[in-house]
Amino acid sequence: MAERWEPAAFKARVDEVVRCHVAAEADELTAVDPALGPVAEQLESAVADGKRLRAAFCYWGWRAAGQPDSDALVRAAASMELVHAAAVVHDDLIDDSPLRHGRPTAHVALRDAVAHHPRAAAGARSLAMLVGDLLMSLAGQLFVTSGLPAAYLGRARPLWAALARDLVAGECLEILHTGAAPDTAASLKVVRHKTAKYTVEQPLLIGAALAGAGGRLREGCSAYGVPLGEAFQLRDDLLGLFGDPETTGKADADDVRGHRPTALLAETWRLADDGERGRLRELLRPREPDGDALEAVRELMRRLKAPDRVEAMIGERVEDALRALDGLNLPAAPATALTALAHAVAVRRS
């Protein structure tokens, strides 16, 4: 790869690795029995799209430690995208989300495959859960067969355990806090563990660990990665309710319908008076809020300037991340790339 950061070229490299790896596994699956075809299709669909940010952070963690471009490292970095694909399938299942990237989510798409099942919806959900499980297994397989020396891989193994633990902890915390009184601190803890760590910090740390980075660089990776990962999810919160579904590829009612403990909802609650809180409770009470209720929630949030507050939180976190990055005095290529990635995470429409 050229020293200049070329996101499209890097994405193409990662896409090729991910798609080939998963296509081979899909073929093995259908070889067991042709009836597994719909499951194999969802396996491939789960990795068909994506910005490949997690792979990029892993790659630049490696480069930040002074290592050169490496096809083996790109393969290892691509495994981060399979972790993400697994997390997305499970998250959509937990949240009962109907759309992802403008297509039916796995548990929706698989209903046709079990139309004969006495509990078709439950059967489809079970199949989707297993698709997510297999994707997580494939992530580990791709990582260990990347071609990097075993000693390098061994340095990163504890971080894999931390990644899985934090991801599960964040998902569990979101479920436990759903429907409870909105609280910004609790919402930010969900953000940190469910998304921030496995999106930025841990891929960056894994890349750095593979390269043999010392303690100072690892500390800098965390100081950059945690706030930037939080900014990423806070942007998702805003896009989830105020973004264009044609651009985001996701339903715009999911967070409200699921009463999810987002920072956006928590800030709205914090800023509201007793009357506004009563109105918010009323609007959120129906399991399936209609379009008028959703627009009323948006209007209340705008009036209280909750989206502005979340925008400010995003800006603060990006500034913290860039300040940490500046303190590392990295070589030009990783410094430039990580700066560009920070801005790409914060300013996006999907």
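Analyst: On a 1 Å grid over the protein atoms alone, a cavity is a set of points where a 1.4 Å probe fits but cannot get out, and its lining residues have an atom within 4 Å of a point. Grid points are joined across faces, edges and corners, and the volume is the space filled by probe spheres set on the points. The second largest cavity here holds about 40 Å³ of space. Keep in mind that this is a predicted model, where local features need pLDDT of at least 70, side-chain atom pairs count only at pLDDT 80 or more, and totals for chains, interfaces and linings use all residues. Residues are numbered from 1 along each chain as its sequence is written, and side-chain values use heavy atoms, with hydrogens and water left out.

User: Which residues line the second largest cavity?

Analyst: Its lining is Ala64, Leu204, Leu217, Cys221, Tyr224, Leu325, Leu328, Leu330 and Leu338. For classes, Ala, Val, Leu, Ile, Met, Phe, Trp, Tyr, Cys and Pro count as nonpolar, Asp, Glu, Lys and Arg as charged, and the others, Gly among them, as polar. By that scheme the lining has nine nonpolar, no polar and no charged residues. H9 gives the largest share, three residues; helices (H or I, at least four residues) and strands (E, at least two) are DSSP runs, numbered from the N terminus.

User: How much space lies in the largest cavity?

Analyst: About 90 Å³. The residues around that largest cavity are Asp237, Leu241, Asp255, Val256, Arg260, Thr262, Leu264, Leu265, Leu284, Val297 and Met301. Two or more of them come from each of H9, helix H11 (254–257), helix H12 (263–271) and helix H14 (291–304). Seven residues of this lining are nonpolar, one is polar and three are charged.

User: What should I look for along H7?

Analyst: Look for a bend, the angle between axes fitted to the seven residues ending at a residue and the seven starting there. H7 has a kink of about 35° at Ala156, shortly before the proline Pro158. End to end, its 28 residues reach 41 Å from first C-alpha to last, close to the 40 Å expected, where the expected span is 1.5 Å times one less than the number of residues. The buried residues of H7 pack against helix H4 (71–95), helix H6 (120–144) and H8.

User: Is Glu174 buried or exposed?

Analyst: Glu174 is buried, with a relative accessible area of 8%. This H7 residue touches Asp91, Asp95, Val190, Lys194, Arg260 and Pro261, leaving aside residues up to four places away in sequence. Among these contacts, Arg260 also lines the largest cavity.

User: And what about backbone angles: what is phi of Arg52?

Analyst: Arg52 has phi near 65°, a positive value in a residue other than glycine. Arg52 sits in the loop between helix H2 (37–45) and H3 and counts as buried at 3% relative accessibility. Asp96, also not a glycine, has a positive phi of about 55°, but at 28% relative accessibility Asp96 counts as partly exposed.

Note on methods. Buried < 20%, exposed > 50% of the residue type's maximum accessible area, 1.4 Å probe, protein only. Contact = heavy atoms within 4.5 Å. 1 Å grid on protein atoms, 1.4 Å probe; cavity = no way out; pocket = protein on both sides within 12 Å on 5 of 7 lines; lining within 4 Å.
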